[in-house]
2 protein chains.
Amino acid sequence: MFVLITYDISTVDEKGKRRLRKVAKICVNFGQRVQNSVFECKIDPAQCKKIEIDLEKIIDPKQDSLRFYYLGSSKGAKVKHIGVRVSYDIEGPIII
Amino acid sequence: MFVLITYDISTVDEKGKRRLRKVAKICVNFGQRVQNSVFECKIDPAQCKKIEIDLEKIIDPKQDSLRFYYLGSSKGAKVKHIGVRVSYDIEGPIII
């Protein structure tokens, strides 16, 4: 299945910055980072459940948000990209 | 049609911050802000074309990126949300 994961992590403090890095590290194991907080994942339902559980453990639900878009078949959605394509270093500084 | 718009705008300088505000202002006219840089839009093909053209004029393609996910019918995709739901003030300070 094709799952799009998007997130907002509040990085007003150090704890938030750590959460952001942890979330990115998990997502990068399952999919392709296409923007700073957007990952495209081709995963099976078991993997999908795992990533949901893992991410839910990390985030602070009072400050952060996660969204999973279940886009059905492995073909996924039609996508148009405009602009730069960047490779992100999840160990690097936080990008606004 | 249901279109998901995601963006990364480089805000390392004032020009970038202005671009970010302009992009958000346009998106908010067409859809629902669900995260800082993620909008869900229920729009017709003409509106979709307009928003693509408008946004492409604003962004710097060497620094910024835009993605449009065309999710078909107005029903859109199955979505799971975890965590906080925030209302954003696009005139307010930039949220990381």
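A:D8 is buried, at a relative accessible area of 16%; buried means under 20% relative accessible area and exposed over 50%, with partly exposed in between (1.4 Å probe, protein chains only). The model is predicted, so local features need pLDDT of at least 70 and side-chain atom pairs pLDDT 80 or more, while totals for chains, interfaces and linings use all residues. Residues are numbered from 1 along each chain as its sequence is written, chains are lettered from A and ligands numbered from 1 in the order in which they are written, and side-chain values use heavy atoms, without hydrogens and water.

A:D8 lies in strand β1 (residues 2-8) of chain A; strands (E, at least two residues) are DSSP runs numbered from the N terminus. An unreviewed UniProt entry lists A:D8 under "binding site"; such annotations may be inferred rather than shown by experiment.

Over all chains, there are four aromatic pairs, that is, rings of Phe, Tyr and Trp (its six-membered ring) with centres within 6.5 Å; planes under 30 degrees apart count as stacked, over 60 as edge-to-face and the rest as tilted. Two of the stacked pairs are tabulated.

| Pair | Centre to centre | Angle between planes |
|---|---|---|
| A:Y7 and A:F39 | 6.2 Å | 25° |
| B:F68 and B:Y70 | 6.5 Å | 10° |

Because A:Y7 is in strand β1 and A:F39 in strand β3 (residues 38-42) of chain A, their pair ties together parts 32 residues apart in sequence. Both A:Y7 and A:F39 are buried. B:F68 is buried as well, with a relative accessible area of 0%, and B:Y70 is buried at 15%.

Note on methods
Helices (H or I, at least four residues) and strands (E, at least two) are DSSP runs, numbered from the N terminus.
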